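Thanks for coming, everyone. Please take a moment with the sequence and the structure before I start talking through them.

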Amino acid sequence: MPNTMTKKRRVINYLATGKGLTEAEARSRFGVGNFRATISNIRDMVEAHGNWSITTEETPTGKTRYFMEDTHPGERTYGFDSMGARYAL
C-alpha cells in the first residue's frame, strides 16, 4: 500500500507554514470538499494539547480565511515530517 498523504494532512502542513486558506483555496489546492468539517476536525486535533490554535480572518470579499498559529512558547524538541510522523530535533 502506498504511503500517501491525506487531504487533511496536506492542509495541516500548509497551515503550519503560517499561510492561511479559504474554502475555495482548499478546494482548488487540495481537493477538500467540506472545508468547514475538515477545519473542525483539525481544530479538535491540534488544539487538544494547547500548542496550536486555529484562528480566522475575514477577507475583503467576505470569505473566512483560516490560520494555524503556534501558541507554544520557546523552542520545541521535536518536529513533524511531511507525513505527520514525529521526530526529535
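Is the crossing of helix 1 and helix 3 left-handed or right-handed? Before I answer, please note that this is a predicted model, in which local features need pLDDT of at least 70 and side-chain atom pairs count only at pLDDT 80 or more, while totals for chains, interfaces and linings use all residues. Residues are numbered from 1 along each chain as its sequence is written, and side-chain values use heavy atoms, with hydrogens and water left out.

The crossing of helix 1 and helix 3 is right-handed, a word used when the near helix is turned clockwise from the far one by less than a right angle, anticlockwise being left-handed. Helices here are DSSP runs of H or I with at least four residues, strands are runs of E with at least two, and both are numbered from the N terminus. The two axes come within 11 Å and cross at roughly 70°, where an axis is a line fitted to C-alpha atoms, for helices over the stretch in contact, and angles run from 0 to 180 degrees between N-to-C directions. That makes helix 1 roughly perpendicular to helix 3, a label that covers 65 to 115 degrees. On the helix 1 side the contact (heavy atoms within 4.5 Å) is made by K8, V11, I12 and L15, and on the helix 3 side by F35, T38, I39, N41, I42 and M45.

Leaving aside neighbours within four places in sequence, M68 is in contact with residues including I12, L15, I42 and W52.

Finally, there are two aromatic pairs, counted when ring centres of Phe, Tyr and Trp (its six-membered ring) lie within 6.5 Å, with planes under 30 degrees apart called stacked, over 60 edge-to-face and the rest tilted. Y14 and F30 are edge-to-face, at 5.7 Å centre to centre and 65° between the planes; Y14 lies in helix 1 and F30 in helix 2, so the pair ties together parts 16 residues apart in sequence. F35 and Y66 are also edge-to-face, at 5.5 Å and 80°, and F35, at 1% relative accessibility, counts as buried, which means under 20%, with exposed over 50% and partly exposed in between, using a 1.4 Å probe and protein chains only.

Conventions
Angles under 35 degrees count as roughly parallel, over 145 as roughly antiparallel, 65 to 115 as roughly perpendicular and the rest as oblique.
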